[in-house]
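The sequence and the structure come next.

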Amino acid sequence: MSSRRYGSQSLQRLLGHWQETPSRTPVWRQLAEALRLLILDGRLALDSRLPGERELAAVLKISRTTVASAMAQLREEGYLESRQGSGSRVILPDAIHPVPTRGGANMALDLSTAALSAGPEIHQAYQQALCAMPQHLLSSGYLPQGLLSLRESIARHYCERGLPTRPDEIMVVNGAVSGLALLLRLLTGPGDRVVVDHPTYPLAIAAIQGASCRPVGVSLPEQGWDTAGLMATIAQTAPRMAYLMPDFHNPTGRCMDAATRQAVADIAARTHTTLVVDETMVNLWYDAPPPPPLAHYNADAPIIMLGSAGKSFWGGLRLGWVRASSRTIAALVQTRDTFDLGSPVLEQLATGWLLDNAASFLPDRRQLLSQRRDLCCELMHAYFPEWRFRQPQGGLSFWVELPDTLATLFATRAESEGIQLGTGTRFGLAGAFDRFLRMPFTLPDETLRSAFQTLQPIWDNLRSQNSAGKIRKII
């Protein structure tokens, strides 16, 4: 059980702009809905403890009775467990059901996840994997570095992209996040700093914090990357490593150009800072493929690459890989037995077939996503003309800027109608980006259109109430 306890100031930052005034919804219910959203998003860790009611009421500037009512509601729903003298502990209900809508139906539509369902090639890959399976059944099946045939396929993939790679420089892991966690175990210790883009992938933040490290954000400018800011942050904080996503960055969708890659690689070489580069989106380009991998630009830079089959092929494969020096790979193999004993052989065989045959189906997958991206763009312009966003160069989502800090309130309202949204605060540190949403375009056209039709009156009502509240304050 975790002993983590959230301070009232930390919880206030996570809550963001949770309170809507004026509103017909009681404040205690608004607080309960905002806390429930944090729990379901994973931003409030399970088994962690919340601050006391009196302390939380003081920092939120509401009555203790209001806080007590919100806590009682969450206990009744199964999201909190309280004991006299030990505070409230975050838990999950035995069975989480879709949030009931006001109309009594359950939509349970997830717009917080950016991922595609499996295509027909996944079934074909498993068929081929089953045919190849018998020859592996005589072995133990424990392969901490991964199947040689898959590592050879991954190495060829890097070579074709301009980064010469040998199979002994590859390690197969159970997804990119698992690879990051393994690297954190090897390279960092409690209290170490890890530089990240800001915003960045929320599970990377969770992995860094889970390793008892401190993420340090380098803000992304309007376009591109701030290499001067990266250099200054490294010089000032002396991080153990940096985590970057240059290929169709999650959540912004931007792609790092060749000149910036050269500058970043040179910074890593000059400062001896290990860069962990997440390439999980690298195959999902729409207009032009990205430049060569970041490690291509400076052979002296300590750069480790993370790859994944989840976004390009299917998340259910749960396979990723690490590309690093053979010495680092050997150290990772020794460290891995504290995590697991290897990745499933059948999934490795399937992924190898997918990599070797990607040219036959990835273009169609990119075309489908490009069409959905364009439709999502049209729908957002039509339904939400106040939203600001750029056309992503690749990836699976838009990074949407709202006209005010309304993301948390909007997501709470949407959840009451059975639609889950990815608020910008999930992608930031200390509750940042409450005026942003990540909007995926992976759902079928009619599903997305129906979702926006449901969301539009929620947004319009929220905007009108927010404007009315501001006018009252001015008066």
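## Surroundings of arginine 254

Contact here means heavy atoms within 4.5 Å. Leaving aside residues up to four places away in sequence, arginine 254 touches Leu220, Pro221, Glu222, Gln223, Gly224, Trp225, Pro246, Asp247, Phe248, His249 and Gln393. Arginine 254 sits in the loop between strand 7 (241-244) and helix 10 (258-271), where helices (H or I, at least four residues) and strands (E, at least two) are DSSP runs numbered from the N terminus.

Arginine 254 is buried yet has no salt bridge, and glutamate 222, the nearest side chain of opposite charge, is 6.8 Å away. Buried means under 20% relative accessible area, with exposed over 50% and partly exposed in between (1.4 Å probe, protein chains only), while a salt bridge requires a side-chain nitrogen of Lys or Arg within 4 Å of a carboxyl oxygen of Asp or Glu. For charge, Lys and Arg count as positive and Asp and Glu as negative, whereas His and the chain ends are not counted. The side chain of arginine 254 does make a polar contact with the side chain of threonine 252, at 3.2 Å; such a contact is a pair of N or O atoms within 3.5 Å, of which, within protein, one must be able to donate a hydrogen and the other to accept it, and residues adjacent in sequence count only if both atoms are side-chain atoms.

## Basis of the values

The model is predicted, so local features need pLDDT of at least 70 and side-chain atom pairs count only at pLDDT 80 or more, whereas totals for chains, interfaces and linings use all residues. Residues are numbered from 1 along each chain as its sequence is written, and side-chain values use heavy atoms, with hydrogens and water left out.

## Aromatic pairs

Rings of Phe, Tyr and Trp (its six-membered ring) pair if their centres lie within 6.5 Å; planes under 30 degrees apart count as stacked, over 60 as edge-to-face and the rest as tilted. By this rule the count comes to 15 aromatic pairs. Phenylalanine 384 and tryptophan 387 are stacked, at 4.0 Å centre to centre and 5° between the planes. Ring pairs also link Tyr383, Phe384, Trp387, Phe410, Phe452 and Trp459 into a cluster.

## Helix 14

Helix 14 (residues 407-416) is largely enclosed by the rest of the structure, because 10 of its 10 residues are buried. Among them are Phe410, Arg413 and Glu415. Glycine 418, which follows helix 14, has a positive phi near 85°.
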